[in-house]
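Open the model in your viewer and keep the selection tool at hand. This tour goes stop by stop.

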Amino acid sequence: MEPYPNGYLSFTMEKHLESRNVPMEDALRQGAECWNALGSREKREYRSKYQKRCLNKSSTSRHRRQPEKLKRMGSCRRAIVPKCTRKPRAPACKPRSSNRYSRKCGSMRSTRKCMLKKLPEGMATDVKFNESLGCSDPQTHPVLIIGQLRHLNLLKFSHLESKLSPRVTEDTFLNAVACLHPAPTDKVSLYLDVATVAALPLKASRHNTASRAHAITRLVKNHVLNVSEESVVLVCERENLFASACAVVRAFPLYSRKTGNLLASNQPKQSLGCGDQSDGSTDSVRNVVNVEFVLINKDGGIESEPLTEDELNCLNETTRAIRLTARIVDMPCNEMNVDHFIQAIEDVGKELCITPTIIRGEELRERGFGGIYGVGKAAAVPPALVVLSHEQKGAQETIALVGKGIVYDTGGLSIKAKTGMPGMKRDCGGAAAILGAFYAAVQCGFKDNLHAVFCLAENSVGPNATRPDDIHTLYSGRTVEINNTDAEGRLVLADGVCYANKDLKANIILDMATLTGAQGVATGKYHGAVLTNSETWEAKSLQAGRKSGDLLASIIYCPELHFSEFASAIADMKNSVADRQNAQSSCAGLFIAAHLGFDYPGIWMHVDMATPVHCGERATGYGVALLLTLFGGHTDSKLLQSIAPTDEEPPSKRLCRD
């Protein structure tokens, strides 16, 4: 009987085996009725007991009836390869497959299922970075090799022999690489479905990342097998190491509430932490994906030096940050409201030995934070401004990262349509990215002052909700006439950036938000939009986007032409534009800048990432890698320093990268 850790099929098959004289159809029907009669607690206990039995490689009932055969197999049933595949048997395990087993595994896909110990669908996965290639047999530890075709052609079989031997020969590997014709990607199976080589797109334009990060994520998502342990080998240049690693991490989100997921039933809502072990599960059994690198130097040679401890530490902390960010964005509001978000911030602060500053509820109104208070006052859970501060002696810069944390956006009284509201749990994506980036930056040794400002609220409908025509006084002292309660993100961010300027004395302020749906129209699904008062930092941010894989595209900064869209007859400004066809994303950013003042002497950057925050129905963790790269020169990490943006190359030299 094959293991089915979700419980139902395993239970019914056991009932069939217990009743050998009863026809299979009747036995399975009886098993299904018994399963449906069980309570949720009994089902959970059965799943847990059955999974432990599978993972401890205990014998099945059929093996108990065949002790001599089991002895010859060495308790390794998955090492049997059916006759129908006509593949040579493994030298360490040579049992003759029975007809019954051959009939059961009559295809290449079913053969793979027989060989590999498959864990429950949706089970959380650990991503582990190794300093060099380890030795493993693809029959038990599948391997996916990914690289650009020009890099794969530089490889010799000896470079990957430790991952492919003894299942793949040199001729097979070389022929497979020769067969790759990416358009845009391509893959060739080296051994059944458990050893695969894949080629990335041939071209990357000047607005794309040279790492082809988005293609890496798609390949990993589509070709990992969800088994107990497997490997992804990335063949790339050292300058693309960070972006390629982050691309793999994005393929393995943490959050799941599928009932087939054994972790979900034991997962406390409030337990977030900021690491891979943060799912709150009491079960230590998890999938492991080993990520390993073959690095190509500038001369076309293969680097023999393993990854350094500094590089491994940077990759591991970035992994934890990206997965924490994606998890917060994926969680629905009943599990990630303002209280839960504050708890997540406190958990991160506790790990970093930082106590957050929290201003919430009526204190916001009393201290003049009219934007945050006005947006969140109708919700059952009061809004909050939360600040994490990392301060260093002798710091040369004070950098403030301000995140929009709208845990759910109904649109307020200007309520969204029924098809426009689902997915609004992701409106806290900016604050989630700031939290992840702050954590990783401090862990990588941030050398200057760094502040993370979280503007948290739920834009809800209720008796106390802000009405269109209401006027709020924001922390800047400026008055805002509300003409659209669904334009709430700019209100909370305006308070946040003013606090960063007035109270934190930051000379570099970056706000990040899922601000406008128009961003996806302006810059697309993969590129966030950057708006800034500094041309130098605009170039740096674009360069950081290409080097990190979190792509950016600049939008127009022209307040003298666009800010008039917010003109009000009775207040300093309105909160939504008069003409939605006039550079809407730029105007939304200018509203935030207006509360700093267009004559603000420091650096101000605004990143609108409403669309890149998710891909399909899952969060991407967008923003963490971007911020770490943009401010990498302020850390002790040599890896981040090596990819931190420098003086931008002239446009004439930004040729198509092949």
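Start with a term: on a 1 Å grid over the protein atoms alone, a cavity is a set of points where a 1.4 Å probe fits but cannot get out, and its lining residues have an atom within 4 Å of a point. Grid points are joined across faces, edges and corners, and a volume is the space filled by probe spheres set on the points. By this rule there are 11 cavities of 30 Å³ or more.

Before selecting anything, note that this is a predicted model, in which local features need pLDDT of at least 70, side-chain atom pairs count only at pLDDT 80 or more, and totals for chains, interfaces and linings use all residues. Residues are numbered from 1 along each chain as its sequence is written, and side-chain values use heavy atoms, with hydrogens and water left out.

**Stop 1: the largest cavity**

Select Gly374, Val375, Asn459, Thr466 and Thr485. Of the 14 residues lining the largest cavity, these lie nearest its centre. Its volume is about 100 Å³. For residue classes, Ala, Val, Leu, Ile, Met, Phe, Trp, Tyr, Cys and Pro count as nonpolar, Asp, Glu, Lys and Arg as charged, and the others, Gly among them, as polar. The lining has six nonpolar, seven polar and one charged residues.

**Stop 2**

Helices (H or I, at least four residues) and strands (E, at least two) are DSSP runs, numbered from the N terminus. Two strands pair if DSSP finds at least two bridges between them. Now colour the six strands that form an open sheet, in the order 1-6-5-2-4-3 with mixed pairing. Strand 1 (125–129) and strand 3 (186–191) are the edge strands, each pairing on one side only. From one strand to the next, the twist averages 20°.

Zoom in on strand 2 (residues 143–147) and strand 5 (residues 229–237): they run parallel, joined by five bridges. Which residue of strand 5 stands opposite Val143? Ser231 does.

**Stop 3: helices across the sheet**

Contact here means heavy atoms within 4.5 Å. Axes are lines fitted to C-alpha atoms, for helices over the stretch in contact, and angles run from 0 to 180 degrees between N-to-C directions. Show helix 9 (residues 157–164). Helix 9 lies across strands 2, 3, 4, 5 and 6, at about 150° to strand 2. Helix 10 (residues 170–179) lies across strand 3 and strand 4, at about 165° to strand 3.

Follow the loops next. Pro166 sits in the loop between helix 9 and helix 10. The peptide bond from Ser165 to Pro166 is cis, with omega near 5°. Between helix 10 and strand 3, the loop holds Pro184. Another cis bond joins Ala183 and Pro184, with omega about 0°. Leu192 is in the loop between strand 3 and strand 4. Its phi is near 50°, a positive value in a residue other than glycine.

**Stop 4: a helix pair**

Select helix 14 (residues 338–352) and helix 17 (residues 429–443). They pack at about 5°, axes 10 Å apart. Angles under 35 degrees count as roughly parallel, so helix 14 is roughly parallel to helix 17. Residues in this contact include Phe341 and Ile345 from helix 14, and Leu435 and Phe438 from helix 17. The contact divides into 11 nonpolar, one polar and one charged.

**Stop 5**

Finish with three strands in an open, mixed sheet, order 11-12-16. Strand 11 (471–473) and strand 16 (573–574) stand at the edges, each with a single partner strand, so one side of each lacks a neighbour in the sheet. Strand 12 (residues 479–481) pairs with strand 16 in the parallel sense over two bridges. Val480 stands opposite Met573.

Terms used: 1 Å grid on protein atoms, 1.4 Å probe; cavity = no way out; pocket = protein on both sides within 12 Å on 5 of 7 lines; lining within 4 Å. Parallel < 35°, antiparallel > 145°, perpendicular 65-115°, else oblique.
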